[in-house]
Amino acid sequence: MVASPILCKTLTVNPAFLQEIKDSNPDLWDTVGQLRQLCEGDQEPAATARGLARLLDTLRDDLALQFSLEESYGYLEVAGDSPGVLGELATETHAQHCSLYLRLSELAEQAEELQYRGVEPTQLRQLVKSAQDFDAELRKHEQSENELIERSFHLK
C-alpha cells in the first residue's frame, strides 16, 4: 500500500487582487498621512486631542474595511503538503490584521476618553507616541504584504 501525502490547508495570496485592493482605498492612506502630520505638528493640546480622536476613529473604520476586503479577496486558502516560506509569510501578515485593528481600537478609545475627560499633557504626549508607534507597525505590515505580493508575482 502506498501512503498518500498528507495535505493541509495553507494560506497564500492572490497578488493581483491584493494589490488592487491596496491601490483602491485612497481615503485610508490620506487618513494615515493626516495622522502623521498631526502627530508631528505643534498644535495646542485640545486641538491635537480632537484631531487624534477624529482621525483614529476614521482610521479604525477605514482599516476595518481594508482588512475585510484583503481577507475576503486577497488571501486564499489552498491545499498543499507544506506551507513553505510564502505560506508562512501569508499566515503571518494575515494574522497581523487582528492585532493591528485591536491596537487601533484601543488608541481610538484612549483619544476619545482624553478628549472628553480633559487634556492632560503627559497623557497626550503618550497617546501621540502610541499613535506614531502604531503607524510604524502599520508601515511594517504594509511592507510585508508588498513583499508577499512581489514574491507571489515571481512564482507565476
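Modeller: I start with how to read the model, then go to the charged pairs, then to their surroundings.

This is a predicted model, in which local features need pLDDT of at least 70, side-chain atom pairs count only at pLDDT 80 or more, and totals for chains, interfaces and linings use all residues. Residues are numbered from 1 along each chain as its sequence is written, and side-chain values use heavy atoms, with hydrogens and water left out.

The whole structure holds twelve salt bridges. The term stands for a side-chain nitrogen of Lys or Arg within 4 Å of a carboxyl oxygen of Asp or Glu. One of them joins Lys22 to Glu145, at 2.3 Å from N to O. Lys22 sits in helix H1 and Glu145 in helix H5, so this pair ties together parts that are 123 residues apart in sequence. Helices here are DSSP runs (H or I, at least four residues), numbered from the N terminus.

Both partners are shielded. Lys22 has 6% relative accessibility and counts as buried. Glu145 is buried too, at 0%. Buried means under 20% relative accessible area, exposed over 50%, and partly exposed in between (1.4 Å probe, protein chains only).

H1 spans residues 15-23, and its buried residues are Pro15, Leu18, Ile21 and Lys22. They lie on the same side of H1, because they cover an arc of only 130° around the axis. That arc is taken from the directions from the helix axis to the C-beta atoms. Turned away from that side are the exposed residues Glu20 and Asp23.

Thr93 is buried, with 0% relative accessible area. Contact means heavy atoms within 4.5 Å. Beyond its neighbours within four places in sequence, Thr93 is in contact with Glu145, and also with Tyr75, His141, Ser144 and Leu148.

A second pair is Asp135 and Arg36, whose side chains meet at 2.8 Å, N to O. Asp135 is in helix H5 and Arg36 in helix H2, 99 residues apart. Asp135 is buried at 10%, while Arg36 is partly exposed at 27%.

Asp133 bridges to Lys129, with the closest N and O atoms 2.9 Å apart. Both lie in helix H5, four residues apart, so about one helical turn separates them. An α-helix has 3.6 residues a turn, so residues three or four places apart point the same way. Asp133 is partly exposed at 30%, and Lys129 is partly exposed at 41%.

Last comes the nonpolar packing. A nonpolar core is a set of buried Ala, Val, Leu, Ile, Met, Phe, Trp, Tyr and Cys residues joined through side-chain atoms within 4.5 Å. The largest has 25 residues, and Leu35, Leu52, Leu56, Leu59, Leu63 and Phe134 touch the most other members. Helices H2 (26-40), H3 (45-74), H4 (84-117) and H5 (121-155) each give two or more residues to this core. H3 gives the most, with eight. Apart from this core lies another, of nine residues, among them Leu18, Tyr75, Leu89 and Ile149. Leu18 is one of the buried residues of H1, and Tyr75 is one of the contacts of Thr93.
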